[in-house]
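Visitor: Could we go through this entry together? I would like to begin with how its elements are assigned.
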Amino acid sequence: MKEEKKIVKGGFRATLALIISIIALVLAIVAFNRTGSQADLNAEIKTLQSKIKTIKEETSERVNKAIQETGKALKKINAEIEKRGAEAEAK
């Protein structure tokens, strides 16, 4: 008997999909290399961390200053209230 040949369907499609995926992989690698390496990313992270630290310190100083000013204002208000109260009792 005559041997029958098996016809593989989708062979072209599979090959085309493989070629497209390889091209996409190459483009992804090129894009990653363009954006910078891991060392650049780590350097940027360290820079941002130092900026965050200085901002935290400045914010803490400003909050402490606001607390002190509020305390002084409350003492002045209290003194004024006591003064007016004493004046009202004297009348």
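Guide: Helices are DSSP runs of H or I with at least four residues, numbered from the N terminus. Val 26, for instance, lies in helix α1, which covers residues 11–35. Please note that this is a predicted model.

Visitor: How many helices and strands are there in the protein?
Guide: The protein has two helices and zero strands. Helix α2 spans residues 38–90.

Visitor: What is the radius of gyration, and what would a compact globule of 91 residues have?
Guide: The radius of gyration is 38 Å, whereas a compact globule of 91 residues would have one near 12 Å. Along the principal axes, the C-alpha atoms fill a box of roughly 130 × 30 × 15 Å.

Visitor: Is Arg 13 buried or exposed?
Guide: Arg 13 counts as exposed because its relative accessible area is 69%, and the cut-off for that class is over 50%.

Visitor: And what share of the 91 residues is buried?
Guide: Buried residues account for 1% of the 91. The accessible surface amounts to about 9300 Å², and carbon and sulfur atoms contribute 62% of that surface.

Visitor: Which residues make the nonpolar surface patch?
Guide: Leu 18, Ile 22, Val 26 and Val 30 form a nonpolar patch of about 350 Å². Val 26 has a relative accessible area of 46%, so this residue is classed as partly exposed.

Visitor: Changing topic to charge: how many positive and negative side chains are there?
Guide: There are 18 positive and 12 negative side chains, and the centres of the two sets are 10 Å apart. Side chains of opposite charge can pair when their charged atoms come close. The structure holds one salt bridge.

Visitor: Which residue forms a salt bridge with Arg 84?
Guide: The partner is Glu 80, and the closest N and O atoms are 3.2 Å apart. Arg 84 and Glu 80 are separated by about one helical turn because they are four residues apart in helix α2.

Visitor: How accessible are the two partners?
Guide: Arg 84 is exposed at 56% relative accessibility, while Glu 80, at 35%, is partly exposed.

Definitions and conventions:
Residues are numbered from 1 along each chain as its sequence is written. This is a predicted model: local features need pLDDT of at least 70, side-chain atom pairs count only at pLDDT 80 or more; totals for chains, interfaces and linings use all residues. Side-chain values use heavy atoms; hydrogens and water are left out. Patches are made of residues with over 30% relative accessible area and no salt bridge: like charges are joined within 9 Å, nonpolar side chains (Val, Leu, Ile, Met, Phe, Trp, Tyr) within 5 Å. Accessible areas come from the Shrake-Rupley method with a 1.4 Å probe; for residues, only the protein chains shown count as cover. A salt bridge is a side-chain nitrogen of Lys or Arg within 4 Å of a carboxyl oxygen of Asp or Glu. Buried means under 20% relative accessible area, exposed over 50%, partly exposed in between (1.4 Å probe, protein chains only). The radius of gyration is taken over C-alpha atoms; the globule rule is 2.2 Å times the number of residues to the power 0.38. Lys and Arg count as positive and Asp and Glu as negative; His and the chain ends are not counted. The place of a charge is taken as NZ of Lys, CZ of Arg, CG of Asp or CD of Glu.
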